[in-house]
Amino acid sequence: MTETQSLPECLASGFAQAMATHSPLSAVLAEAAGFEALWLSGFEVSALYGLADVSLLTMSEHLALLRAISARCTIPIIADIDTGYGNAVNVDYAVRSYERAGAAAVVIEDKTFPKVTSLIDDGRQELLRREEFAGKIEAACSARQSEAFVIIARTEALIAGLGQAEALDRARAYCEAGADMVFVHSKQRTPDEIEAFIAAWDGRRPLVLAPTAYPEMTAERMRQSGKVGLAIWANHAIRSSVAAMRTTFERIRADGGLLGVEQDIASVNEIFALQNMDTVKAVEKRFLR
Ligand code: SPV
Ligand code: MG
């Protein structure tokens, strides 16, 4: 297998796109589709367990999945570690653990622990004091072993309704603390709020966006801004698989058989290919006696 790229290598052209993942299989499909990076989404992994994205999963559960994904792909994995599992001490331990387990970057958000998922209506969005979060970013930077490991600070100031000035102040403070990139999140239905932020941003570090709530924002529009370095398509692996499974299950139940779905789902041979059965056959041929 080719060596895994670092995130700075993948961002060298100035702009890259990361697809969400919640499993080795979804990661393999995202890499095959040509995405430059993977987003190990807290929302997706929580949904995979049938749980809300409110800090319920443990770091060990997350790390096990990261190791399994990292073993099956060569593009960099950006791990969504929410609030970093606690204070700066927890962040120090988390960054060491995620780097060792194969992540190329972590995103840490400035909410209090336990967090509440960002896009929910009327969510309880509480932010940490700016100074305390800056300390967590400093701890993350000092814990990394490789300079190529990217620390992304995420501000939820717009999600919490605190306005542009607060979002900009926080973003600047997190860059001062050492963040390599700033993820600014919005749940407005149009790109206006984010575009106002981009216009006011001095470009000292590249921005990261996840335009789930404002799908009019295209990759080209982000690239053209000259200030966005990374686009994250944040939950489109789990949402597309839920839609596909629901359709197939309902059809088989209604038809009482498989003929109605056979043309619309992946063939068994396609799954064999994703499982590397050709390698298994080659090993059998060579070594089974
Ligand atoms: C995730 O995918 O886990 C994210 C993005 O953090 S969002 O769910 O929009 O907060
Ligand atoms: Mg998340």
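Analyst: This is a predicted model, and the questions below go through some of its labels.

User: Why is Glu 109 called buried?

Analyst: Its relative accessible area is 1%. Buried means under 20%. Glu 109 is therefore buried.

User: What makes Glu 109 and Arg 154 a salt bridge?

Analyst: Their closest N and O atoms are 3.5 Å apart. The cut-off is 4 Å, from a side-chain nitrogen of Lys or Arg to a carboxyl oxygen of Asp or Glu. The pair therefore counts as a salt bridge. Glu 109 lies in strand β4 and Arg 154 in strand β5, so the pair ties together parts that are 45 residues apart in sequence.

User: Is Arg 154 buried or exposed, and how do you know?

Analyst: Arg 154 has a relative accessible area of 5%. Buried means under 20%, so Arg 154 is buried. A polar side-chain atom of Arg 154 also lies 2.7 Å from an oxygen atom of ligand 1. The protein covers 99% of the 290 Å² of accessible area that ligand 1 has on its own.

User: What makes the approach of His 185 to ligand 1 a polar contact?

Analyst: A polar side-chain atom of His 185 is 2.8 Å from an oxygen atom of ligand 1. A polar contact needs N or O atoms within 3.5 Å. The pair therefore qualifies. Asp 80 also has a polar side-chain atom 2.8 Å from an oxygen atom of the ligand.

User: How do you know that Lys 115 and Asp 53 form a salt bridge?

Analyst: Their closest N and O atoms are 3.8 Å apart, and the limit is 4 Å. The pair therefore passes. Lys 115 sits in the loop between β4 and α6, and Asp 53 in the loop between α3 and α4, 62 residues apart. Both residues are buried. They also belong to a salt-bridge network that includes Glu 109 and Arg 154.

User: Why is Arg 172 called partly exposed?

Analyst: Its relative accessible area is 29%. Partly exposed lies between buried, under 20%, and exposed, over 50%. Being 3 residues apart in helix α7, they are separated by about one helical turn.

Note on methods. Residues numbered from 1 in each chain as written. Chains lettered and ligands numbered in written order. Predicted model: local features only at pLDDT ≥ 70, side-chain atom pairs only at ≥ 80, totals over all residues. Heavy atoms only, no water. Polar contact = N/O pair within 3.5 Å; in protein donor to acceptor, adjacent residues only side chain to side chain. Areas by Shrake-Rupley, 256 points an atom, 1.4 Å probe, with all protein chains shown as cover. Helix = DSSP H or I, 4+ residues; strand = E, 2+ residues; numbered from the N terminus. Buried < 20%, exposed > 50% of the residue type's maximum accessible area, 1.4 Å probe, protein only.
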